[in-house]
Amino acid sequence: QVQLVESGGGLVQPGGSLTLSCAASGNIFSIRTTGWYRQAPGLQREMVATVTSGGSTNYADSVKGRFTISRDNAKNTVYLQMNSLKPEDTAVYYCNADIRATIGRWRDYWGQGTQVTVSS
């Protein structure tokens, strides 16, 4: 059974920083693209940042220059370093990964979500 577990969310003041982590566990054979998405109240879920197994990254325009995504393949973990946070970054952040289990096909997995609130 493969699962993604996020951590690191919380309340931060505008201009502050947070780091989110997402660890994949279970019978994992390989992970392709992994990334972070977010959903604010009343809005659709949107891509924040993704990173491929080769290290290529992609960012939403709204977070370029402020957020950095990275992954540790040995730990099956992806990180999102968020700097210069703004109130509009407030959302539930979800980890996503394209994973092949040791027995099975490639599948899209989601974490349970972690709340990030930017407010003074």
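Which residues are linked with Arg-38 in a network of salt bridges? Select Arg-38, Glu-46, Arg-66 and Asp-89 together, because a salt bridge here is a side-chain nitrogen of Lys or Arg within 4 Å of a carboxyl oxygen of Asp or Glu, and these four residues are linked by such bridges into a network.

Before we go on, a word about the model. It is predicted, so local features need pLDDT of at least 70 and side-chain atom pairs count only at pLDDT 80 or more, while totals for chains, interfaces and linings use all residues. Residues are numbered from 1 along each chain as its sequence is written, and side-chain values use heavy atoms, with hydrogens and water left out.

**Stop 1: Asp-89 and Arg-38**

Keep Asp-89 and Arg-38 selected. Their salt bridge has its closest N and O atoms 3.0 Å apart. Asp-89 sits in the loop between β8 (77-82) and β9 (91-101), while Arg-38 belongs to strand β4 (residues 28-39), so this pair ties together parts that are 51 residues apart in sequence. Strands are DSSP runs of E with at least two residues, and helices are runs of H or I with at least four, numbered from the N terminus.

Now try a surface view. Asp-89 counts as buried because its relative accessibility is 1%, and Arg-38 is buried too, at 6%. Buried means under 20% relative accessible area, exposed over 50%, and partly exposed in between, with a 1.4 Å probe and protein chains only.

**Stop 2: Arg-66**

Arg-66 lies in the loop between β6 (57-59) and β7 (67-72), so with Asp-89 in its own loop the pair ties together parts 23 residues apart in sequence. Arg-66 is buried, with a relative accessible area of 11%.

**Stop 3: Lys-64 and Asp-61**

Select Lys-64 and Asp-61. Their side chains meet in a salt bridge at 3.1 Å, N to O. Are these two buried or exposed? Both Lys-64 and Asp-61 are exposed. In total, the structure holds 5 salt bridges.

**Stop 4: Gly-16**

Finally, go to Gly-16, in the loop between β2 (10-12) and β3 (18-25). Gly-16 counts as buried, at 17% relative accessibility. Leaving out residues up to four places away in sequence, Gly-16 touches Met-82, Asn-83, Ser-84 and Leu-85, where contact means heavy atoms within 4.5 Å. Then pick Val-118: its C-alpha atom is 8.3 Å from that of Gly-16, although the two are 102 residues apart along the chain.
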